[in-house]
Each structure stands twice: as C-alpha cells, then as structure tokens.
Amino acid sequence: MASSKKCFKCGSVKPLTDFYKHPGMADGYLNKCKTCTKSDVSKHRDENIDRIREYDRRRGKLAHRIRLNTEVTRAWRAEDSRRNSAHNAVKRAIINGSIIKSPCARCGNEKSVAHHEDYDKPLDVVWLCQPCHKQRHKEILLNISL
C-alpha cells in the first residue's frame, strides 16, 4: 500500500496522514489533501453563511439535539459546581450594576462573554469574544498564562 498520494487540487504529493479517510475511495482516502479540503469548506461557508446559519438554527431545534445539549450542560455543571456559581454571580453583578460588560480584551469585539481564570474568584473576569474565549481555553489546556 502506498504511503503517499497526490492531491488533485494542489498537485502536491503528501503522506496519507495529510488526507482524510474516505471509504468510497479505492485506497480509502479522499483525493484532496486536508489543507485543500479545509480551504474549500471555509470558502463554501463564507459564500453561503446565511443559508448555513439558518440550517444550523433549524438543526439545533431538533428534539434529539436539544436532549443532547441538555445532557452536555448537566455534565458540564456537575463537573465543577464552582463554574455555574461563578457564572451566576457575574449575571447578578451585571444586573445590579456592580460589573459592567466590556468589549473583548484581545480584539475589541463588542460581543463578549465573561471568562474566569479562577472560579474561586467569581467576579474577577476577563471579557473575551467567543473566538478569543475558545482560544484562551486552548491556551489553558497547553498551560499558557495570560
């Protein structure tokens, strides 16, 4: 069995690990490399964002997805009860005016969420937009400090 193949899109010869598995292909791998596939998917999403968002909204309202989301949320809360308490404390503080919501500390996006570096300090938050918040959690997994 070959350990590499040529991407039909970019023409590069790459190892099989750079191709997604695909049971419909003779060798079991897609004929387009992961880089080209990701690029195509990203381009398609950008060009069809309104239609895709509407699809995602409809899909999120399906009964089995609502049940799964409920299970995931329950598990997330049970994993560390301090998390939910900290989130509720921030909500109450915003309502009573003791905390004012700010733009993302990294990129300035107005749509931000409260990020807790330490759940034992529930009102000590950093305001981050969703992409920066996801990035911060990746950094935490890799032990990168602010």
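Colleague: Leaving aside neighbours within four places in sequence, which residues is Glu139 in contact with?
Modeller: Keep in mind that this is a predicted model. Glu139 sits in helix α5, residues 130-141. Skip the neighbours within four places in sequence, and the contacts of Glu139 are Arg106 and Ile144.

Colleague: And is Glu139 buried or exposed?
Modeller: Its side chain makes a polar contact with the side chain of Arg136, at 3.1 Å. As for accessibility, the cut-off for buried is under 20% relative accessible area. Glu139 comes in at 13%, so Glu139 counts as buried.

Colleague: On to α4. What reach does helix α4 have from its first C-alpha to its last?
Modeller: Helix α4 covers residues 81-96, which is 16 residues. At 1.5 Å a residue you'd expect 22 Å, and the model is close to that. The reach of α4 is 23 Å.

Colleague: What arc around the axis do the buried residues of α4 cover?
Modeller: The buried ones in α4 are Arg83, Ala86, Ala89, Val90 and Ala93. In general, an α-helix has 3.6 residues a turn, so residues three or four places apart point the same way.

Colleague: Which residue follows α4, and what is its phi?
Modeller: The residue after α4 is Gly97. Its phi is positive, near 85°.

Colleague: Where is Tyr119, and which residues is it in contact with beyond its neighbours within four places in sequence?
Modeller: Tyr119 is in the loop between β5 and β6. At a relative accessible area of 19%, Tyr119 is buried. Leaving out neighbours within four places in sequence, the contacts of Tyr119 are Asp80, Arg82, Arg83, Ala86 and His87.

Colleague: How many disulfides does the count come to?
Modeller: A disulfide needs two cysteine sulfur atoms within 2.5 Å. For Cys36, the closest cysteine sulfur is in Cys33, at 3.5 Å, so that is too far for a bond. Cys129 is in no disulfide either, with the nearest cysteine sulfur, that of Cys132, 3.5 Å away. The count comes to zero.

Notes: Residues numbered from 1 in each chain as written. Predicted model: local features only at pLDDT ≥ 70, side-chain atom pairs only at ≥ 80, totals over all residues. Heavy atoms only, no water. Helix = DSSP H or I, 4+ residues; strand = E, 2+ residues; numbered from the N terminus. Expected span 1.5 Å × (residues − 1). Buried < 20%, exposed > 50% of the residue type's maximum accessible area, 1.4 Å probe, protein only. Polar contact = N/O pair within 3.5 Å; in protein donor to acceptor, adjacent residues only side chain to side chain. Contact = heavy atoms within 4.5 Å.
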